[in-house]
Amino acid sequence: MASATELRRTPLTALHEDAGARLVDFAGFAMPVQYEGILEEVGRVRTVGGLFDLCHMGRVRILGERREEAAQFLVHPNISKLKFGAIRYSFFCREDGTTMDDVLVYRDTDEVFFCINAGNRDRDIAWMREVVARYDCELQDLSDDLAMIALQGRASVDALAPLCTGEPPEPVRREGATGPAALKYYSFMRGSVCGHEAMISRTGYTGEDGYELYFAADKAPEIWNALLETGKSAGLTPIGLAARDTLRLEAGMALYGHELDDTTNPVEAGLLPKMVKHTHDFSGRAALEAAIAAGPQRRLVGFTTAGKRVPRQGYTLHLPGDDGGAAIGTVCSGSPSPTLDTIIGTGYVRSELAEAGRTLAMDIRGKRQDVTLVEMPFFKRDY
Amino acid sequence: MSNPTDLKYTASHEWARLEGDIATLGITAHAAESLSDLVYIDLPAVGDSITAGEAFGEIESVKAVSDLKSPVTGEVTQVNSGLEDNLSVINSEPFGGGWMIKVKVSGDLPADLLDAAAYDELAAADAH
């Protein structure tokens, strides 16, 4: 592993070091993997809330008259049909339907904004530049200029509201509330946090209510500390990326490099069960429509185990009692779930076996462990 | 936590306390801290033979599973059977209550075991 000195730092790295976080190489950045303990941090987010440094992720916008045509080639939703202020989860797919990345796309009045994964930043941006050029549009990589932090959990609204100005645009406003509390889920507004211009997005990767905030990189320490202060009485703390991974898995959300990668498509992952009616072409459309029509050969499933051991990416899945038999599936992710008090995992299995309630056997370094397929998500918030 | 000077260490972060021909084995504070939230341990049974440099068990945390590599060759005489249900003692007392097995050592100790000073250096270089 590269030593921490060779890794890229975010505007918040020094604060993580001061807080005693353990930093690891994550996509070339020194990122806080944990502050106290992974399972304790998961519990904190589920019961109160937490703050996450996401500055390593990519932030990109497309400007120009034909920006929505360009964006519509990149992702599957009908961008120009979205409300201003709406956000959609989507994918960058190759012509064969395989996934280059999973992304969030934001429709604004004068730009289309994308949040992309840290590990795919360079290749995503290279591909986006190539596409955008065909529409005479401009692509701006804001990854280094903008910071990004996530504020997640039931304490989020109360932690953010005192620091925040701005009202959601009418199409994405909830009745009976004001400020960030009035923002509908999966939508965003422009406003300020601590007096600094910010984009406030009601999104997250934990299964909790909360926000992802974008603002000038040099304001990150001030805003980070201010949110910790307003959230302090509730018990809100910084949370590491390891807990974030367990939180997203409990919530049944895909992680690129695990549930999605260069060899899988969103149909197999169950993330694109049917195609919306399209007025436009987009990369991978024909292959994805064919995959939907034919039905995928393998499907992403969730499972639980009664054991103590953690499912790991690449462990094979087998028919029960079939010791030494050929694998019928492969594990993508796994974790203890402190919220559900069990072990959870995801994997791809042959489609005809992908039904909730079925028992399969997972090979853990030569030993077998029964797993039970269950419906995802494993966890759904009740507020 | 400092590394006790009366122990021998492996580069893979196990320790051995030698008393006569009996070696007590465990993992270092540095290893326990790196592993963090432990979820599972698999240890050999009394009477099993183990070999220096080879796995005598497995330890698993939320984020990773690792082999436990033996610093010595010999026969297992005792197993800390309480560990399985109280893995956090490996984090809180890695050099004490977190011991894993006792082994009746046969033959010479491997030449590549480290003393505390050499292990301190290795652990410091490994820390991030």
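These notes cover domains, strand pairing, a pocket, a cavity and cysteines in a predicted model.

1. **Domains of chain A.** Chain A splits into three assigned parts: domain 1 (4-57 + 145-250), domain 2 (58-141) and domain 3 (297-374). Domain 1 is written as two segments, 4-57 and 145-250. The centres of domain 2 and domain 3 of chain A, taken over C-alpha atoms, are 34 Å apart.

2. **Strand 13 of chain A.** This strand covers residues 210-216. Is it mostly covered or mostly open? Mostly covered: six of its seven residues are buried. Strand 13 of chain A has pairing with strand 9 (residues 146-152) of chain A, antiparallel, over seven bridges. It also pairs with strand 12 (residues 196-201) of chain A, again in the antiparallel sense, over four bridges.

3. Which residues stand opposite Tyr214(A) in strand 13 of chain A? Met148(A) is one of them.

4. **Strand 15 of chain A.** Strand 15 spans 298-305 in chain A. With strand 18 (residues 342-350) of chain A, strand 15 forms an antiparallel pair over eight bridges. Here Thr305(A) stands opposite Ile343(A). Strand 15 of chain A is also joined to strand 20 of chain A by four bridges, and these two run antiparallel. In that pair, Phe303(A) faces Leu373(A) as its opposite residue in strand 20.

5. **Second largest pocket.** Its space is about 340 Å³. The lining has 23 residues, and the closest to the pocket centre are Ala269(A), Leu300(A), Val301(A), Gly302(A) and Met376(A). Which elements give two or more residues to this lining? They are helix 7 (241-250), strand 15 (298-305) and strand 20 (367-374) of chain A. Strand 15 of chain A gives the most, with four residues. By class, the lining holds 13 nonpolar, four polar and six charged residues.

6. **Largest cavity.** How many cavities of 30 Å³ or more does a search of the whole structure find? One. The largest cavity has a volume of about 40 Å³. Its lining consists of Leu74(A), Val75(A), His76(A), Ser90(A), Phe91(A), Cys93(A), Phe282(A), Ser283(A) and Leu288(A). Strand 5 (residues 87-93) of chain A is the top contributor, giving the most to this lining with three residues. Six lining residues are nonpolar, three are polar and no charged residue takes part.

7. **Cysteines.** In general, a disulfide is a covalent bond between the sulfur atoms of two cysteines. How many disulfides turn up in a search of the whole structure? Zero, over all chains. Cys93(A) is in no disulfide, and the nearest cysteine sulfur, that of Cys332(A), is 16 Å away. The cut-off for a disulfide is 2.5 Å between sulfur atoms. Cys194(A) is in no disulfide either; its nearest cysteine sulfur belongs to Cys164(A), 9.4 Å away. Cys93(A) counts as buried because its relative accessibility is 2%, and the limit for buried is under 20%. Cys93(A) is also among the residues that line the largest cavity.

8. **Asn225(A).** This residue lies in helix 6 (residues 220-231) of chain A. Why does Asn225(A) count as partly exposed? Its relative accessibility is 41%, and partly exposed runs between the 20% limit for buried and the 50% limit for exposed. Asn225(A) and Arg129(A) are 96 residues apart along the chain, and their C-alpha atoms are separated by 36 Å.

9. **Sheet in chain B.** Chain B has an open sheet of six strands in the order 1-2-3-9-8-5, with antiparallel pairing. Strand 1 (8-9) and strand 5 (49-50) of chain B are at the edges. Each has a single partner strand, so one side of each is left without a neighbour in the sheet. Strand 8 (residues 74-79) and strand 9 (residues 101-105) of chain B run antiparallel and are joined by five bridges. Gln78(B) stands opposite Lys102(B) of strand 9.

Definitions and conventions: Residues numbered from 1 in each chain as written. Chains lettered and ligands numbered in written order. Predicted model: local features only at pLDDT ≥ 70, side-chain atom pairs only at ≥ 80, totals over all residues. Heavy atoms only, no water. Buried < 20%, exposed > 50% of the residue type's maximum accessible area, 1.4 Å probe, protein only. Pairing = 2+ DSSP bridges. 1 Å grid on protein atoms, 1.4 Å probe; cavity = no way out; pocket = protein on both sides within 12 Å on 5 of 7 lines; lining within 4 Å. Points joined across faces, edges and corners; volume = space filled by probe spheres on them. Nonpolar A, V, L, I, M, F, W, Y, C, P; charged D, E, K, R; others polar. Domains from an automatic or database assignment.
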